[in-house]
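Here is a short briefing to read alongside the sequence and the coordinates.

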Amino acid sequence: MSQAAGANAPQKSIDPKLFTWPAAKPRLLGSRCNNCGTTSFPSQASCPRCCSEDVETCELGTRGKLWSFTIQGFLPKSPPYAGEETPETFKPYGVGYVEMPGQVRVVGRLKASAPEELKIGMDMELVFEPFRTDEDGTEIISYAFRPVA
Amino acid sequence: MTDVAIIGIGIHQFGRTDGVSGLEQGAYAVRQALKDCGLEWSDMEFAYGGSSAAGSADALVNSLGLTGLQFINVANGCATGGSALQSAYMAIKSGMFDVGVAVGFDKHPRGAFAVEPEKMGLGKWYGDIGLALTTQFFAMKIQKYMHDFGITEDTLVKVAEKNYANGAMTPHAWRKTALTYEQIAESAMISHPLRKYMFCSPAEGGCAVILASAEKARQITSHPLFLKAAIVRTRNFGSFEVFTQGQALDQAPSPTVDASQATFEMAGIGPEDIQVAQLQDTESGAEIMHMAENGFCKDGDQEKWIQEGYTKIDGKLPVNTDGGCLANGEPVGASGLRQVYEVCVQLRGEGGSRQAPNDPKVGYTHVYGAPGLSGCTIISR
């Protein structure tokens, strides 16, 4: 979903460098190296492959194939975890890498809670959605991947 | 250049020892190693030591003796113990010293390792949304490996079953009760496909190894062991490691492959010459993948190896004869040295009920850890 599709609550990106927001069609941001052509995620000031500082921020794709995955089966420690669940309300969530063709494999949460819903090689698409709500009511927007229906 | 001998080994009980600090566990291990070779602390010309969470290793001199020796603290993540040993190896190999000690110890709080993403150069968002867990990395690496090479969940269970059975025969092990196949297979799913009893836990322990030049060793003992090679390597661009946010499309071999190849090259032997091995088993899948990354079998052959019992104590290549990290837990500073300790025990034929019956003459150790580094050794009679 995009910002336009959200509810009336104010919204804020979880990290302004992570993806374009607000935007009609938000995109994850990476870096492309002008020296060796390597695409990295998230965006960074130099190339992890060749050390060049001649890199520029680029938009990553929105669809790719699932490279590997797991299901996070227990409530992670806070900090660093900032989710609002309690041990009683926690529901396992998927985590995986989605391969953006010609770019990079991006880690992210997956819209799945059981291994039966996921398969290596399946098509996945990028979604944006509120991850939690700040004390002042602002929705904190993050990204995730979901199986393509 | 001189050969490097291992003349003394010492270990403090792994697991939980309430009321005994990590430093005290390290000092105990050093005293045991000194007794093992009949030397005094004042004979030590140098020390390399490390701990991740239990203080500064050079503070050991406060209890062992202020002798003025060269003491250098080592910090290298999960390969801290292996790095201390590698440094000691170089100190003797160079000819600068004749005898010294490598020591590692730790005492971690209960529960999973605490992670502070921003201190590791990762964005705060990564921890916020629940991705900063080492368990997820191990699960995703073995998930992909099982998919690509046909390793089954049954094999994951059997690796853990073997290591707990070995731990039950190891006096210094933390978990001394063998677990049944069902207990492991039905334990809580932590991070699919890995279950609770397939993971090691942060723990406590101390270990020390005394090294000497070959000439010095012959004056002290009639049966020294020799450290034929000791290597540490870090990750290359494209290897899949813990806390990777963007994984390169071109996948590079892990640092274990680099370290292993360099270790065999230095020793002038091959994987087929190894008769007992300690391979990092952070979880069941890691031991399986490390069998291939260290060159002992081809990718996918582990399924047959484990099902046929090749890596059991009486198998053709006994792996983790002391129960590995699964049965001993993971005190980061001490783990790599525990592996060396165990190989020395096996080469001396002092393993008791866990002694490999193949009368091993050459052994191998491999430690791996965050953020992507491996340390390997080869030890022979």
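## A buried glycine in chain B

B:G336 counts as buried because it has 35 C-beta neighbours inside 10 Å, where 20 or more are enough. The model is predicted.

**Around B:G336**
- B:G336 sits in helix α13 of chain B.
- Leaving out residues up to four places away in sequence, B:G336 touches B:A79, B:T80, B:G81, B:G82, B:L85, B:G104, B:V367 and B:G375.
- B:Y368 lies 32 residues from B:G336 along the chain. Their C-alpha atoms are 8.6 Å apart.

**The largest nonpolar core**
- The largest nonpolar core has 150 residues. Those touching the most other members are B:A102, B:V103, B:V209 and B:L211.
- Helix α13 of chain B, residues 332–348, gives this core its largest share, with nine residues.
- Which residues does B:A102 touch, not counting those up to four places away in sequence? The contacts are B:Y48, B:A84, B:L85, B:A88, B:A208, B:V209, B:L211 and B:L337.
- B:L85 is a contact of B:A102 and also a contact of B:G336.
- As a general point, nonpolar side chains in soluble globular proteins tend to be buried together.

**The open sheet in chain A**
- Three strands of chain A form an open sheet in the order β3-β2-β4, with antiparallel pairing.
- β3 (39–40) and β4 (55–59) of chain A are the edge strands, and each pairs on one side only.
- Strand β2 of chain A, residues 29–33, runs antiparallel to β4(A), and five bridges join the two.
- A:R32 stands opposite A:E56, a residue of β4(A).

**Strand β5 of chain A**
- Why is β5(A) described as largely enclosed by the rest of the structure? Eight of its ten residues are buried, so the strand is largely enclosed.
- β5(A) runs antiparallel to β6(A), with seven bridges between them. There, A:T70 has A:V95 of β6(A) as its bridge partner.
- β5(A) also runs antiparallel to strand β8 of chain A, residues 123–133, through three bridges. A:K65 is bridged to A:D123 in β8(A).

**Where the chains meet**
- How many residues does each chain bring to the contact? Chain A brings 38 and chain B brings 32.
- On the side of chain A that touches chain B, the elements giving two or more residues are β5 (63–72), β6 (93–99) and β7 (105–110) of chain A.
- β5(A) provides the largest share of that side, six residues.
- By type, the side of chain A that touches chain B divides into 23 nonpolar, ten polar and five charged residues.
- Strand pairing crosses between the chains: β7(A) and strand β9 of chain B, residues 246–247, pair in the antiparallel sense over two bridges.
- In this pairing, A:V106 has B:G246 of β9(B) as its bridge partner.

**Confidence in chain A**
- The average pLDDT of chain A is 94, and 95% of the residues score at least 70.
- Where does pLDDT stay under 50 in chain A? That stretch is residues 1–6. The model has 15 contacts beyond four places in sequence for these residues.

Notes:
Residues numbered from 1 in each chain as written. Chains lettered and ligands numbered in written order. Predicted model: local features only at pLDDT ≥ 70, side-chain atom pairs only at ≥ 80, totals over all residues. Contact = placed C-beta atoms within 7 Å. Helix = DSSP H or I, 4+ residues; strand = E, 2+ residues; numbered from the N terminus. Nonpolar A, V, L, I, M, F, W, Y, C, P; charged D, E, K, R; others polar. Pairing = 2+ DSSP bridges. Core = buried A, V, L, I, M, F, W, Y, C linked by C-beta atoms within 7 Å. Buried ≥ 20, exposed ≤ 12 C-beta atoms within 10 Å, placed from the backbone. pLDDT = per-residue confidence, 0-100.
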